[in-house]
Amino acid sequence: MSVRSEAWTIYRQALPILLVSLLGGLFAGLVLEEMVPKVADFPGLLVMIPVFLATRGNVYGALGGRISSGLHQGVIEPRFVRDDRLVNAVVASLVNAIGVSIVIAVLTWLVLHGLGREVATLFELVAIMLISGVLTAVVLVAGLLGVIFVGFERGYDPDNLVGPVVTTLGDIFGMLFLLFAVVAVEVLVP
Amino acid sequence: MGSDGGLDTWSTRSIVRTMFPLLVVLSAIVLWAGLTLEEAEELLAEYGLLAVMVPTIIGTGGNLGAILSSRLTTRFHLGMTDLDVRDPDLWANVVAIVALALTIFTLLGVGAFLVGLVIGSTLSLPVLLAISIGSGTAIAILVVVFSFAATYGSYRLGVDPDDTTIPIITSLIDVFGVVIFLAVASLVVGL
């Protein structure tokens, strides 16, 4: 195949996925724009945002990859049942996601302290990360499994669904729940 | 992620054990992007549309890096281990990644402009396009260089790139993406 036709094939395959995540990204950006003024109340908030979004992608991308391999190998059924493998994988992703949320808050607090920069209290940062981490986990696990199962039943390769679903749902719900968590902590911690 | 389907590779403990240390390393890398972002808080507060563009900048560089790295990795797994500059297949990958980057970053500029019409903004379409295409081109070059170096490097070291190299490279591209974007944005806005 010539360079041009081969490149065109790759382009055509990847473009729809990137367009979907562009839309999700723009929506997440609108929420981020709302959040910028809140940094005055919680210094360190902007530091945590890229890490928070990136780790959501890694944790649930790994869960999705594992579930699609399991479906391909026939060791998992495309249904919400109490299957040992499914439950273990979901519990592991929850432990990873919520655990790393706390790590992000602590790391941000330590680094900003070390640099002598202004930072919110450790309690506030941990509370924001925990609330948004738990809420995002519920939506992402349910949404991801739902889309993979339905897609698999209809004959789509789940490997191609995981990436776009995780980035788009992760960006949108990650930012929405982050904003919710910031407002909640503002109310709870006067 | 490798798993052979046996129940032991599906235990919660073993999944957390392999994954969690990597997540901590990735968090430490991407924290740098966050520090840059908070330093640019005044710029983002003044020009809200720049904040609107940030999540896409963070995501797209990483997505492109993941696409190119996994394609190159598959090549290595299939035994095509030579990197010849005359190989048309390699050039097809590079051309496709650059074309994808230019498409997405052009649309990001247009999308941000449309959002600006709704929320009210002082940044014009040419300014937004200059920022998004300028940083997008730099990010595309970075994606190509990093993906080639990483897949070739881990092949040489005998490490399976699927497990750790790709997540680390996509995180690094995220970081440089934010740094490049903010540098280009403050340059263009300051002109």
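View 1. UniProt, in an unreviewed entry, lists residues 49-180 of chain A as "domain: SLC41A/MgtE integral membrane". UniProt positions follow the numbering used here, feature names are shortened, and annotations may be inferred rather than shown by experiment.

A word on conventions for every view: this is a predicted model, in which local features need pLDDT of at least 70, side-chain atom pairs count only at pLDDT 80 or more, and totals for chains, interfaces and linings use all residues. Residues are numbered from 1 along each chain as its sequence is written, while chains are lettered from A and ligands numbered from 1 in the order in which they are written.

**View 2. Chain B on its own.** Chain B holds 6 helices and 0 strands, giving the pattern α-α-α-α-α-α along the sequence. Its C-alpha trace spans about 55 × 45 × 25 Å along the principal axes. Of the 191 residues in chain B, 45% are buried (20 or more other C-beta atoms within 10 Å of the residue's own, with C-beta atoms placed from the backbone). Among contacts in chain B with a separation of 6 or more, 82% join residues 24 or more positions apart; a contact needs C-beta atoms, placed from the backbone, within 7 Å.

**View 3. Where chain B touches chain A.** The contact draws 57 residues from chain B and 56 residues from chain A. On the chain B side, α1 (12-39), α2 (41-46), α3 (48-77), α4 (88-119) and α6 (165-190) each supply at least two residues. Which helix gives the most to this side of chain B? That is α1(B), with 17 residues. By class, the chain B side has 38 nonpolar, 15 polar and 4 charged residues (Ala, Val, Leu, Ile, Met, Phe, Trp, Tyr, Cys and Pro count as nonpolar, Asp, Glu, Lys and Arg as charged, and the others, Gly among them, as polar).

**View 4. Helix α5 of chain B and its end.** Helix α5 (residues 125-157) of chain B has 33 residues and reaches 46 Å from first C-alpha to last, close to the expected 48 Å (1.5 Å times one less than the number of residues). After α5(B) comes G158(B), with a positive phi near 75°.

Notes:
Two residues are in contact if their C-beta atoms, placed from the backbone, lie within 7 Å. Helices (H or I, at least four residues) and strands (E, at least two) are DSSP runs, numbered from the N terminus. A residue is buried if 20 or more other C-beta atoms lie within 10 Å of its own, exposed if 12 or fewer, and partly exposed in between; C-beta atoms are placed from the backbone.
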